[in-house]
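Here are my notes for your next look at the model.

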Amino acid sequence: MAASLTSLGIEENGNRSRLIDKYGRAITDLRVSVTDRCNYKCVYCRTGNDGAQYSELPIADYLRIARIFVELGIEKVRLTGGEPLLRRGLPDLIGELAKLRTAVDGEPLDLALTTNGHLLADMAQSLKDAGLTRVTVSMDAVDPDTFARITRVPGSFHKVREGIRAAQRAGLGPVKVNCVLLRGFNEDQIVPFAKFARDEGVIVRFIEFMPLEEDRLWTPASVIPVHELIARLSTFRSVVRLEANALSETAQRYTFDDGIGEIGIIAPVSQAFCGHCSRIRLTSDGKIRTCLFSQFDHDLYGRMVRGADDEEMAAFIRATVEKKEARHHIGEPDFLKPSRSMVHIGG
Ligand code: SAM
């Protein structure tokens, strides 16, 4: 029995189904992009031209798709975009998503959100009340002028810092603050971010720049690798490694010699973690992406609008999980840029 279920990409774990790919990885983490619109034009992500085209599904359709995923074994849903706080109806979606796993096995769904934080100050409490568990805020500089140059939106830093504080007050913590580092661009922010983590009580996570941008900025030299980042942090205070919370955790965790402040380092380029990848993505137009660097979309929504029932959609999801790539090929001669940029995948 167990073998035949496994060959269908699904396993029983107690009462709970689990999606397993052909490399034996359990797929438990779904990222749902609820819009590909964004109110920032971060220079390392977007071209600066606002496309008139964007794609969003009705809230009820994201909910149906998410329910099928949760029934198949998804334990964590992260809402993203584009900028998810631009999406009308977001608190309603969160309220319904929060109930999904309880209906399957009585456990609460881990329901997180990644945002640029610009609109967070006014929304944090209502998102928490709707059932959001925690929030990650993207912020690539703590110097207000540098930040505005990156986002191309004046006054953005103070809005985001207020958003972070509102999220902390609302109980959406521990708030994680993600900073994408690019050489010659914001590397002077490393030590200021270490101080920010300590002063504001947030977990600051540095992320290596990946070739997912709309323009062609990425080169191997633009990435600041882990050993260099640690050396730079150590000029401020000695860093101390912390134990991982889970095997599939993407961040290496550090604190300082006085135990104050937590820093995460996410190094998909210099120390890839594909072997433990538990993620799958749904784009805002309802396509499944099995890897950030996939060359293909898998059109789940197309099946849905053509009238697929839940069982057909579940079968399509299982078959798609089977196709999940072993790893990315960043920096290798055979690397191909993915068929979508980050803003149209959902980070
Ligand atoms: N608008 C939301 C936000 O700002 O968090 C969600 C979408 S955004 C695409 C998600 C994350 O992807 C952000 O933390 C952003 O910094 C990151 N990101 C965008 N392009 C990236 C790249 N080329 N390499 C690494 N991270 C990138």
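1. Phe193 is buried, at 0% relative accessible area (buried means under 20%, exposed over 50% and partly exposed in between, using a 1.4 Å probe and protein chains only). Phe206 is buried too, with a value of 1%. Their ring centres lie 5.9 Å apart with the planes at 85 degrees, so this pair is edge-to-face. For reference, rings of Phe, Tyr and Trp (its six-membered ring) pair if their centres are within 6.5 Å; planes under 30 degrees apart count as stacked, over 60 as edge-to-face and the rest as tilted.

2. A word on provenance: this is a predicted model, in which local features need pLDDT of at least 70 and side-chain atom pairs pLDDT 80 or more, while totals for chains, interfaces and linings use all residues. Residues are numbered from 1 along each chain as its sequence is written, and side-chain values use heavy atoms, leaving out hydrogens and water.

3. Where does α7 lie? This helix lies across β8, β9, β11 (251-256) and β12 (262-266), running at about 150 degrees to β9. Contact here means heavy atoms within 4.5 Å; axes are lines fitted to C-alpha atoms, for helices over the stretch in contact, and angles run from 0 to 180 degrees between N-to-C directions. Helices (H or I, at least four residues) and strands (E, at least two) are DSSP runs, numbered from the N terminus.

4. On the strand side, β8 and β9 run parallel and are joined by six bridges. The whole open sheet has twelve strands with mixed pairing, in the order β10-β11-β12-β9-β8-β7-β6-β5-β4-β13-β14-β15; two strands pair if DSSP finds at least two bridges between them. β10 (239-242) and β15 (298-299) are the edges, each with a single partner strand, so one side of each lacks a neighbour in the sheet.

5. How many aromatic pairs are there? The count is eight. One of them joins Tyr44 and Phe185 edge-to-face, with 6.4 Å between centres and 80 degrees between planes. Tyr44 lies in the loop between β4 (29-33) and α2 (59-72) and Phe185 in the loop between β8 (176-181) and α7 (190-200), so the pair ties together parts 141 residues apart in sequence. Tyr44 is buried at 13%, whereas Phe185 is partly exposed at 28%.

6. Ring pairs also link Tyr40, Phe147 and Phe157 into a cluster.
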